[in-house]
Amino acid sequence: MRSITRRIAAGLVTVAATASMAVALGATSASAMPSCSKYEGKTYGKVSCTGTGQWQGVWDCDWQADYWTGWIAMPSSQKSSREFTCDSLLIHIDVMTR
């Protein structure tokens, strides 16, 4: 009986340690993503990001191929921005971070 109790207690300690480690890792990766804002005008759009990590933007233009930035690593200044003007109407800008 003592052996089973010890195994259960050891298992609970392992589960608790693994859970707290996962929470700590999750907090680290979440804080490593930049924060971005965007401006969408009639034909012009701009994305500005601050923080650390990477971001990418896709400008969806009407009757024109999309403009995609690719993944942009944040510089040491922790500020980055891109702007683009569509030939016709700017439909929307999608921003992704990681």
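**Disulfides and a salt bridge: group meeting talk**

Okay, Cys-36 and Cys-49 form a disulfide, with their sulfur atoms 2.1 Å apart; a disulfide here is a pair of cysteine sulfur atoms within 2.5 Å. Quick caveats: this is a predicted model, where local features need pLDDT of at least 70 and side-chain atom pairs count only at pLDDT 80 or more, while totals for chains, interfaces and linings use all residues. Residues are numbered from 1 along each chain as its sequence is written, and side-chain values use heavy atoms, leaving out hydrogens and water.

Back to that pair. Cys-36 sits in strand β1 (residues 35-40) and Cys-49 in strand β2 (residues 44-50), 13 residues apart; strands are DSSP runs of E, at least two residues, numbered from the N terminus. The torsion about the S-S bond is about 110°, so this disulfide is right-handed. Cys-49 is buried at 2% relative accessible area, whereas Cys-36 is partly exposed at 26%. Buried means under 20%, exposed over 50%, and partly exposed in between, using a 1.4 Å probe and protein chains only.

The count comes to 2 disulfides, and Cys-61 to Cys-86 is one of them, S to S 1.9 Å. Cys-61 is in strand β3 (residues 54-61) and Cys-86 in the loop between β6 (79-85) and β7 (90-97), so the link ties together parts 25 residues apart in sequence. That link is left-handed, at -65° about the S-S bond. Cys-61 is buried at 4%, and Cys-86 is buried at 4%.

Lastly, the whole structure has 1 salt bridge, meaning a side-chain nitrogen of Lys or Arg within 4 Å of a carboxyl oxygen of Asp or Glu. Glu-40 pairs with Lys-38, closest N and O atoms 3.9 Å apart.

Notes. Helix = DSSP H or I, 4+ residues; strand = E, 2+ residues; numbered from the N terminus.
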